[in-house]
Amino acid sequence: MDFSHDTLPTGFMLQWYRIEEVLGRGGFGVTYLATDVNLDTYVAIKEYYPVDLAFRDTESVIQPRSSSMGKGLSWGRTRFINEAKLLARVKSLEAGEDVKPPKATASAVVKGNELFVPLVGAVDF
C-alpha cells in the first residue's frame, strides 16, 4: 500500500511511538503499525485525519482545507477522542490526549495482540 503522500512517514516519532508502516486508510483516518520504543512492543495507532476536511502540510501538521471546515474538523476530533475514551473502558486501548501527533489531530493506540478493536464505529453520535 502506498499512502505516503498524506501519511506520517516511516520512522516518525509520535511521543514514544515510532511509525513503522501504514496498515490502512479510511474516510476519517489512517491506521499505522508502530513500535512502543519504551517497551519494544508493537501497537496500532489510529489517527484522526478526515481527508474531506483536512490536508497534511509539509511539516506533517493536519490543517483544515478551508476556514469554514475548521469547525467540522474540531468537532470530529472531539468525537474521535470521546470514542477512544469509551473504547478504553472496554478494551486495552490508550485513548485520547496523551497520544497526539504534533498539532491539530488525535490518535488512539491499541496495545498487545488486539491490533483491531471490533467496536470501532459502534458508538452512536
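Eight of the eight residues of β3 are buried, so the strand is largely enclosed by the rest of the structure. Strands (E, at least two residues) and helices (H or I, at least four) are DSSP runs, numbered from the N terminus.

T35 is placed in β3, which covers residues 29-36, and counts as buried at 5% relative accessibility. Apart from neighbours within four places in sequence, T35 is in contact with W16, Y17, R18, E20, D40, T41 and Y42 (contact: heavy atoms within 4.5 Å).

## Strand pairing

β2 and β3 pair in the antiparallel sense over seven bridges; strands pair if DSSP finds at least two bridges between them. A hairpin through three residues joins β2 to β3, and E21 stands opposite L33 in β3.

β3 also pairs with strand β4 (residues 41-48), again in the antiparallel sense, over eight bridges. Here D36 stands opposite T41 in β4. The hairpin of β3 and β4 has four residues between the strands, and D40 takes a positive phi near 55° in it.

## Nonpolar core

The largest nonpolar core has 17 residues, and those with the most contacts inside it are Y17, I19, Y32, A34 and I45. Such a core is a set of buried Ala, Val, Leu, Ile, Met, Phe, Trp, Tyr and Cys residues joined through side-chain atoms within 4.5 Å. At least two residues of this core come from each of β2, β3, β4 and α1 (70-90). With neighbours within four places in sequence left aside, I19 is in contact with L8, P9, T10, G11, F12, Y32, L33, A34 and I45.

## Aromatic and charged groups

The structure holds three aromatic pairs. Rings of Phe, Tyr and Trp (its six-membered ring) pair if their centres lie within 6.5 Å; planes under 30 degrees apart count as stacked, over 60 as edge-to-face and the rest as tilted. The rings of F28 and F80 have centres 6.2 Å apart and planes at 65°, so this pair is edge-to-face. F28 lies in the loop between β2 and β3 and F80 in helix α1, so the pair ties together parts 52 residues apart in sequence. F28 is partly exposed, with a relative accessible area of 38%, whereas F80 counts as buried at 10% relative accessibility.

For Y48 and F80, the ring centres are 5.7 Å apart and the planes are at 35°, so the pair is tilted. Ring pairs link F28, Y48 and F80 into a cluster. The charged end of K46 sits over the ring of F28, 4.8 Å from its centre (NZ of Lys or CZ of Arg within 6 Å of the ring centre and within 35 degrees of the ring normal).

## Confidence and conventions

The chain has a mean pLDDT of 74, and 66% of its residues reach 70 or more; pLDDT is the predictor's confidence in each residue, from 0 to 100. Confidence is highest in strand β2 (residues 17-25), at a mean of 92, and lowest in strand β7 (residues 93-94), at 50. Over residues 95-102 the pLDDT is below 50, and this stretch has 29 contacts in the model beyond near neighbours in sequence.

Residues are numbered from 1 along each chain as its sequence is written, and side-chain values use heavy atoms, with hydrogens and water left out. In this predicted model, local features need pLDDT of at least 70 and side-chain atom pairs count only at pLDDT 80 or more, while totals for chains, interfaces and linings use all residues.

Conventions: Buried means under 20% relative accessible area, exposed over 50%, partly exposed in between (1.4 Å probe, protein chains only).
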